[in-house]
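Dear colleague,

I am handing over the structure below for your review.

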Amino acid sequence: MDKLNILIAASEVVPFAKSGGLADVAGALPKALRALGHDVRVVMPRYYIVDKEKYGLKPLEGSLGVPMGSMGEAWAGVFEGLLPGSDVPVYFIEHEGFFGRKGLYDEDGEGYGDNDNRFIFFSKAVMQLAKKLHFRPDVIHANDWHTAAIPVLLNTTYATDPDFKGTGTLLSIHNLQHQGKFYKGAMDVLGVGWEHFNADELEEYDGVNLLKGGIVHADAINAVSKKYAQEIRTPAFGWGLDPLINAKAYKLFGILNGVDYDEWSPAVDTLIPATFDSDDLSGKAICKATLQKRFNLPERSDLPLIGLVGRLAEQKGIGLLAAAVWNLMELDIQIVLLGAGEKWAEYFFSDVAAKYPDKFATYIGYQNDLAHQIEAGSDLFLMPSLFEPCGLNQIYSLRYGTVPIVRATGGLDDTIENYNSAQKSGTGFKFYDATPEALSGTVKWAVDTWYHDRAGFDQLRHNGMQKRFDWSEAAKGYEDLYRHIIGGRLSSSHQ
Ligand code: ADP
Ligand code: GLC
């Protein structure tokens, strides 16, 4: 059995809809698996923002009946398109009531009150779609809590369905903090039977925990870096699920994400003012000057410009940065921050920008072009995350010659090697303690290196630009894992 049938279900996929790195992964991994010769299909919701015309989406004939337990039958429309630059089909589940809204998961900082129904609906629609298409998956690959119901459904509602005979499941954990915890009434909509509402499956503190159910029922689970796969087994990173994950450690794997270098490479990036590569950085100097101009910062090539791009969430270490920032403002540096999220942080960092207009600039919002321009135009990139399952921006930064300053956690620790000034080795600057002092101390170290050890800094920049985190490598890891899952399924008692 060479070619595998793989069905990937994700709540966001680049370029159609994105709030974070999950979308980057769900848009890139399928293409890399396709390049290995597999029949890969992707399913996501048809949110209001998914532009049917722009992507040439075509409706599939007929609608999809989705049994919603106590809510009765719901009907979904299905649209079909392709992942750009590939022949990988993407199916969009359309339902005006659930997905015809402005946001993916929330609006104006408020999570939708019916996210349980929305994503239970989506998970069931994925199963029904496979049947409608007569696509018999060898593996269904679910991602995070939004699609964690799929392994549960496969082992219950669909356990004896001949269309899923031999189908295995993988659940990728991109972020354990978000588990899909809901009022227990969600069991009636999930419709798998109350016998599964117990502490060893879906129940937690008298509510439903979808991710927990997925972890229990999936044939394998994987975290998006090796380090994070270790960390989630400890109370500090387990968000209460560490005992369960430890009990399931026999089926826990860690596969580091890759990067789509067609999209994130300064040599081919169409969103930046000038392209460049490691043998000629003159384009990078143009990117830096353009970025400074864009933010009304003094156009100075002599000082280090530090970039930050990300969700303004506690996870990203914004509390540490807020505590350290006044200290940092004493340095001869500039900081450009792009992000949106927690309101206090949006106000706080805008306030810092107002106080230090020559040193600190912000764009509060989500802007893909600007994310590329900050990667290209900065000298250093700061990611002081409290936890980071993988993290993509630090890997993009390496390729753009933008030296990362990171806290040594999860994927940040796995992808960045600390600077060794004696050997001029490493790819970035790391700190360990989650304290404002450690953060500002390490930024000062990086800034000192810029001012007083320029050869070392240039070497770091060069080292990073040579590194590659190709999806082709990561996809082989997934292929092995899928085969492992299928092997286990075939030899187990399941069907
Ligand atoms: P996470 O998934 O936890 O948000 P990652 O580092 O894996 O973190 O991925 C974040 C992705 O989202 C990157 O591609 C980054 O460029 C993008 N991103 C995050 N915030 C913004 C923003 N405000 N504007 C544009 N892109 C953003
Ligand atoms: C999550 C994590 C991030 C990871 C991304 C893609 O959102 O927070 O670290 O890179 O998923 O796997």
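Strand S16 gives the most to the shell around ligand 1, with three residues. Please bear in mind that this is a predicted model.

Besides S16, helix H1 (21-35), strand S17, helix H13 (368-377) and helix H14 (393-399) each supply at least two residues of the shell. Both domain 1 (5-258 + 471-493) and domain 2 (282-465) contribute at least three residues to the shell. Among the 21 residues around the ligand, Lys18, Gly21, Arg311, Lys316 and Gly365 come nearest.

Several polar contacts may be of interest. An oxygen atom of ligand 1 lies 2.6 Å from a backbone N or O atom of glycine 21, and a polar side-chain atom of arginine 311 lies 2.8 Å from an oxygen atom of the ligand. For glutamine 367, a backbone N or O atom lies 3.0 Å from a nitrogen atom of ligand 1. Taken alone, the ligand exposes 560 Å², of which the protein buries 94%.

The structure holds one cavity of 30 Å³ or more, and the largest cavity has a volume of about 140 Å³. Of the 14 residues that line the largest cavity, Leu308, Val309, Gly310, Lys316 and Leu382 are the closest to its centre. S16 (305-312) gives the most to this lining as well, with five residues. The lining comprises 10 nonpolar, two polar and two charged residues.

With kind regards

Terms used: Residues numbered from 1 in each chain as written. Chains lettered and ligands numbered in written order. Predicted model: local features only at pLDDT ≥ 70, side-chain atom pairs only at ≥ 80, totals over all residues. Heavy atoms only, no water. 1 Å grid on protein atoms, 1.4 Å probe; cavity = no way out; pocket = protein on both sides within 12 Å on 5 of 7 lines; lining within 4 Å. Points joined across faces, edges and corners; volume = space filled by probe spheres on them. Helix = DSSP H or I, 4+ residues; strand = E, 2+ residues; numbered from the N terminus. Nonpolar A, V, L, I, M, F, W, Y, C, P; charged D, E, K, R; others polar. Near = heavy atom within 4 Å. Polar contact = N/O pair within 3.5 Å; in protein donor to acceptor, adjacent residues only side chain to side chain. Areas by Shrake-Rupley, 256 points an atom, 1.4 Å probe, with all protein chains shown as cover. Domains from an automatic or database assignment.
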